[in-house]
Amino acid sequence: GPMQGLKFPRRAWPAGVNMPEFVAVLKGAAIPDRSMLLYYLMGDVAASNAPGNAWKVAHAWPVPHTPVRYYLRAPGGLSRGQSADARDRRSYEYAPSNPVPTLGGTMMGSPGPVDQRPLAERNDILRFMSEPLAEPLEITGKVRACLFASADAPDTMFVVKLADVYPDGYEAIVREGAMTARFYQGLDKPVPLEPGRIYKLEIDMWSTAYVFNAGHRLAVHIAGSDSPKYEVHPNTYEPCGDAAGAAPARHTVYLGGANASCVILPVIH
C-alpha cells in the first residue's frame, strides 16, 4: 500500500551515477568494474536545510560505521552512558487478549514513518527517550537491540521499536524488530523460560539509512506485541489455538549493572 505518515522528498540520483540494466548485466554486456549500491539516506522532512534526504553511493555493504550503544535508563531515559545500579528495571503486563496495534513501520499494507503517539496512553509499552541531539546523528546499516529480560511464562515475545521524535512531538517509527524468547540461544535451540531468570535477547531490527536531526530525540519502545504485523504470542510453550483467552505474562526489562539493556546503532562519522 502507499506510504503512511511523514513523506520523504523525491531527490535526483547523484550526478554521474549510471546503474546498468539488470538484464544487460546478466548477459555479461555491462558488468561494472566494481560493485555499486545506491541508497536513499532519509532525514528530517520538516526542515528544508536538514542533512539527509539524498541518494548516496557505496561500493561495499555494510558501509563503514561505528556500533554505538544507547542504553535504556530508568525511569525512561536513553543515553550513551549506562547505569551501574543492577536494581534498575522496568516491568509491564503483556495481555494476548489486548495486543498493541501495528502503527506503520515495515508493515505490508500501511507502511511508513507513522506517529506512535496514539499508543502513548497504553500501560503495556515501556518508553525511553534521549535528550535532544546537539548535532545530527547519521546511521546506516543494521540496527540491533540487546535486551536483558525475564518473564513469568514459559515463552513470550518482545517487540522493540526505534523512533525519531521531532521537536513538535511527532514520534516517527524508524525500525522495529521482534523475538520469540524461547530462541534466545538460537533458532535451532528453543528452550522454555524459567520464571525470574534473566535472559539476554539479541534482536535484529533490520537495516536503515537515516539522519536524526539536531534537536530531535531518539526513542525506544518495548512491548510484548505488535498486531497484526506479528502473530499474537499466547505466552505458552506448546502451540495454542486461541490467544484471545491466553493468560497475561509479566515482562521485566533490566537496565543496569551487568544487565544494561541497549540498542546498538550503526553510526556514520
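**Figure 1. Strands around the largest cavity.** At least two lining residues of the largest cavity come from each of strand 6 (125–129), strand 8 (157–165) and strand 11 (217–223). Strands here are DSSP runs of E with at least two residues, numbered from the N terminus. The model is predicted: local features need pLDDT of at least 70, side-chain atom pairs count only at pLDDT 80 or more, and totals for chains, interfaces and linings use all residues. Residues are numbered from 1 along each chain as its sequence is written, and side-chain values use heavy atoms, with hydrogens and water left out. Strand 11 contributes the most to this lining, with three residues. A cavity is a set of points, on a 1 Å grid over the protein atoms alone, where a 1.4 Å probe fits but cannot get out; lining residues have an atom within 4 Å of a point. The space in the largest cavity is about 60 Å³, where a volume is the space filled by probe spheres set on the points, and grid points are joined across faces, edges and corners. Six residues of the lining are nonpolar, two are polar and two are charged. In this classification Ala, Val, Leu, Ile, Met, Phe, Trp, Tyr, Cys and Pro count as nonpolar, Asp, Glu, Lys and Arg as charged, and the others, Gly among them, as polar.

**Figure 2. The second largest cavity.** Strand 7 (137–151) and strand 10 (199–212) each supply at least two of the lining residues, and strand 7 gives the most, with three. By class, seven residues of this lining are nonpolar, one is polar and none is charged.

Figure 3. D44 is located in the loop between strand 1 (37–41) and strand 2 (54–58). This residue is buried yet has no salt bridge, and R11, the nearest side chain of opposite charge, is 10 Å away. Buried means under 20% relative accessible area, exposed over 50%, and partly exposed in between (1.4 Å probe, protein chains only). For charge, Lys and Arg count as positive and Asp and Glu as negative, while His and the chain ends are not counted. A salt bridge requires a side-chain nitrogen of Lys or Arg within 4 Å of a carboxyl oxygen of Asp or Glu. The side chain of D44 makes a polar contact with the side chain of H216 at 2.8 Å. A polar contact is a pair of N or O atoms within 3.5 Å; within protein, one must be able to donate a hydrogen and the other to accept it, and residues adjacent in sequence count only if both atoms are side-chain atoms. A polar atom of the D44 side chain also lies 2.7 Å from the backbone nitrogen of A46.

Figure 4. Side chains of opposite charge can pair when their charged atoms come close. The count of salt bridges in the model is nine. Among them is the pair of E138 and K56, at 3.8 Å from N to O. This pair links distant parts of the chain, with E138 in strand 7 and K56 in strand 2, 82 residues apart. E138 counts as buried because its relative accessibility is 18%, whereas K56, at 31%, counts as partly exposed. R87 and D85 form another salt bridge, at 3.0 Å from N to O. R87 is exposed, with a relative accessible area of 65%, and D85 is partly exposed at 27%. The side chains of D115 and R117 also meet in a salt bridge, at 2.8 Å from N to O. D115 is buried at 14% relative accessibility, while R117 is partly exposed at 37%.

**Figure 5. Backbone geometry.** Most residues other than glycine have a negative phi, and most peptide bonds are trans. The peptide bond from W61 to P62 is cis, with omega near 5°, and P62 lies in the loop between strand 2 and strand 3 (66–73). A cis peptide bond also runs from A74 to P75, with omega near 0°; P75 is in the loop between strand 3 and strand 4 (77–79). N53 has a positive phi, near 55°, and is buried at 4% relative accessibility. The phi of W206 is also positive, near 65°; W206 belongs to strand 10 and is exposed, with a relative accessible area of 57%.

Key. 1 Å grid on protein atoms, 1.4 Å probe; cavity = no way out; pocket = protein on both sides within 12 Å on 5 of 7 lines; lining within 4 Å. Helix = DSSP H or I, 4+ residues; strand = E, 2+ residues; numbered from the N terminus.
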